[in-house]
Amino acid sequence: MQKNSIDYISTRGNTPPRTFSEAVLTGLAPDGGLLLPETVPDVSSDLSRWRNLAYGDLATAILQRFTDLPVAELEELTTASLQPFDHAEITPLQSFGKLHILELFHGPTLAFKDLALQFLGNLFAYLLDGKQALNLLAATSGDTGSAAIAGVHGKPGIRIFVLYPAGRISALQERQMTTVPDHNVAAVAIDGSFDDCQAIVKKLFGDAEFKQRYALGAVNSINWARVLAQIVYYFYGAFRVMERTGADRVRFAVPTGNFGDIFAGYMARRMGLPISRLILATNSNDILARFFESGDYRLRKVQATLSPSMDIQVASNFERYLYYRAGGCSATVRQWMQTFRDHGQLHLDSIDGRHIDPLFKAVSADDPSILRTIADIHQSTGYVLDPHSAAGVHAANREGLDGDPVVCIATAHAAKFPDAVRRAIGRPAVHEKLERLKTLPTREHRLPNDADAVRDFIVRHVE
Ligand SMILES: *Cc1c(COP(=O)(O)O)cnc(C)c1O
């Protein structure tokens with residue numbers, strides 16, 4: 001059996017290369033950068049063969065190109081990770097004329113993050129093999145936390161601490177975390193924004209001694225395994241829409257927060273999937289939209305919107321994209337990140353003489369546009385979008401549906417966001433998985449916006 005020997009390197013260039021397994025357990029690189037495969041496999045010649053594969057087989061084929069795991073075990077991991085999904089196709093494509101919606105919400109927590117986090121949970125358990133302990137620490141703007149918890153609850157040797165902004169995630173999202181009874185799970189409300197939660201996580205990961213001593217691991221979208229698992233549905237969705245429309249190129253419209261989902265699309269394109277455009281949709285927190293319009297990456301205050309999982313300013317995966325924009329030059333990445341840290345802004349146009357990346361088109365959707373999109377699509381098709389997916393559909397409509405087909409990524413089931421949906425169409429969507437949560441007992445923790453308080457909390461729980 002051919003073993004894959006792709007090494008993982010840091011965007012900032014000051015970390016020795018690691019294997020896939022090491023990269024998964026490392027999370028953030030010690031030099032502060034993000035890990036990436038040293039080379040991106042070109043799979044152009046595999047596409048015709050991959051076209052007809054079922055989701056699970058396609059996942060194994062793609063993952064195999066990036067990992068050092070034996071194929072049989074990879075296959076087992078893939079199968080186990082897809083088993084909790086409630087749709088035979090895993091990510092079915094719904095088409096209404098020229099509107100194509102790739103549903104990524106058939107996993108246990110009804111958001112697309114299940115696709116990555118079921119895999120990551122099983123991968124961690126496999127890599128630790130009952131011999132090592134791991135304490136996962138994550139910040140969530142809503143959906144990551146519940147999906148991460150669903151991926152690892154009850155797994156021996158693994159504990160998970162999830163920080164979320166108090167009062168800024170939906171009541172149902174909170175219940176999805178606080179109703180999990182397993183003792184290896186702690187969901188902690190922080191008095192601050194998502195970016196504050198993320199800053200605490202970054203700070204604790206930056207404390208090398210603490211990280212080592214308490215075997216901290218990451219599940220946030222900086223973990224390479226998450227990006228990797230997400231690459232699969234770009235292939236799957238592209239194949240389905242090509243089959244349905246006869247097109248040989250596709251566009252994707254992607255609701256974006258941490259730039260994790262859309263970065264997986266970017267990788268799929270680098271691997272040779274014929275994606276002619278990535279339509280990046282943000283809500284009013286539009287730092288990424290502004291960047292792709294002007295080359296200007298500038299921090300603003302986070303605003304609370306109807307699509308809370310996108311209420312993000314500092315997109316943690318963006319550095320991976322910048323690495324490719326810098327032509328793989330980590331010295332340039334270091335300099336850009338330094339500038340951004342020092343000044344809260346960065347202009348790329350003055351550096352590489354070209355500020356627009358023609359692959360991307362960015363569109364921001366404010367709350368009224370999102371509500372209007374949910375209402376319009378419901379009226380014309382009967383289909384109910386969640387507010388995040390609606391931002392993507394809004395962006396796709398702006399870009400225009402003529403030409404290469406657009407696959408709109410639906411990142412959550414509408415029932416997760418009943419208030420927004422009620423405002424749009426007069427009634428909430430329902431899902432029996434969520435109805436069941438309403439009667440379960442909860443366990444709640446609350447801490448101030450302070451890294452030391454979180455550090456103490458972890459120490460108390462582990463010891
Ligand atoms: C996380 C999330 C997003 C944003 O995805 P990123 O990978 O952070 O860009 C969009 N929609 C929903 C429902 C999410 O949970």
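Is K131 buried or exposed? K131 counts as exposed, at 69% relative accessibility. Hold on to that residue, please; we come back to it.

Good morning. One caution before the tour. What you see is a predicted model.

Let's start with the whole protein. There are 20 helices and 15 strands. The radius of gyration is 21 Å, close to the 23 Å from the globule rule for 463 residues, so the protein is as compact as a globular protein of that length. Picture a box of roughly 60 × 50 × 50 Å along the principal axes; the C-alpha atoms fill it. Of the 463 residues, 62% are buried.

Now, salt bridges. The general idea is brief. Side chains of opposite charge can pair when their charged atoms come close. This structure holds 21 salt bridges. Let me show you some of them.

First stop, D402 and K98. Their closest N and O atoms are 2.5 Å apart. How open are they? D402 is exposed, with a relative accessible area of 57%. K98 is partly exposed, at 49%.

Next, back to K131. Its salt-bridge partner is D129, and here the closest N and O atoms are 2.6 Å apart. D129 is partly exposed, at 48% relative accessible area. Look for D129 in the loop between α5 and β5 (134-139). The backbone deserves a glance too. Phi of D129 is near 55 degrees, a positive value in a residue other than glycine.

L110 also has a positive phi without being glycine, near 65 degrees. Find L110 in the loop between β4 (99-103) and α5 (113-128). L110 is buried, with a relative accessible area of 1%.

D286 is in the loop between β10 (275-282) and α12 (287-294), and R300 is in the loop between β11 (296-298) and α13 (318-325), so the pair ties together parts 14 residues apart in sequence. D286 counts as buried, at 15% relative accessibility. R300 counts as partly exposed, at 48%.

There is also a network. D46, R49 and R65 are linked by salt bridges.

On to surface charge. Which residues form a negative surface patch? They are D57, E73, E75 and E76. Helix α4 (residues 71-82) supplies the largest share of the patch, three residues. D57 lies in helix α3 (residues 55-64). D57 is partly exposed, with a relative accessible area of 44%.

L63 is buried, at 2% relative accessible area. Now look across to T339. The C-alpha atoms of L63 and T339 are separated by 35 Å, and the two residues are 276 apart along the chain.

You will find G33 in the loop between α1 (20-26) and β2 (35-37). G33 counts as buried, at 0% relative accessibility. From G33 to R446 is 413 residues in sequence and 30 Å in space, C-alpha to C-alpha.

That's the tour. Thank you.

Definitions and conventions:
Residues numbered from 1 in each chain as written. Predicted model: local features only at pLDDT ≥ 70, side-chain atom pairs only at ≥ 80, totals over all residues. Heavy atoms only, no water. Patch = residues over 30% accessible without salt bridge, like charges linked within 9 Å, V, L, I, M, F, W, Y side chains within 5 Å. Areas by Shrake-Rupley, 256 points an atom, 1.4 Å probe, with all protein chains shown as cover. Salt bridge = Lys/Arg side-chain N within 4 Å of Asp/Glu carboxyl O. Lys, Arg positive; Asp, Glu negative; His and termini not counted. Charge placed at Lys NZ, Arg CZ, Asp CG, Glu CD. Helix = DSSP H or I, 4+ residues; strand = E, 2+ residues; numbered from the N terminus. Buried < 20%, exposed > 50% of the residue type's maximum accessible area, 1.4 Å probe, protein only. Rg over C-alpha atoms; globule rule 2.2 N^0.38 Å.
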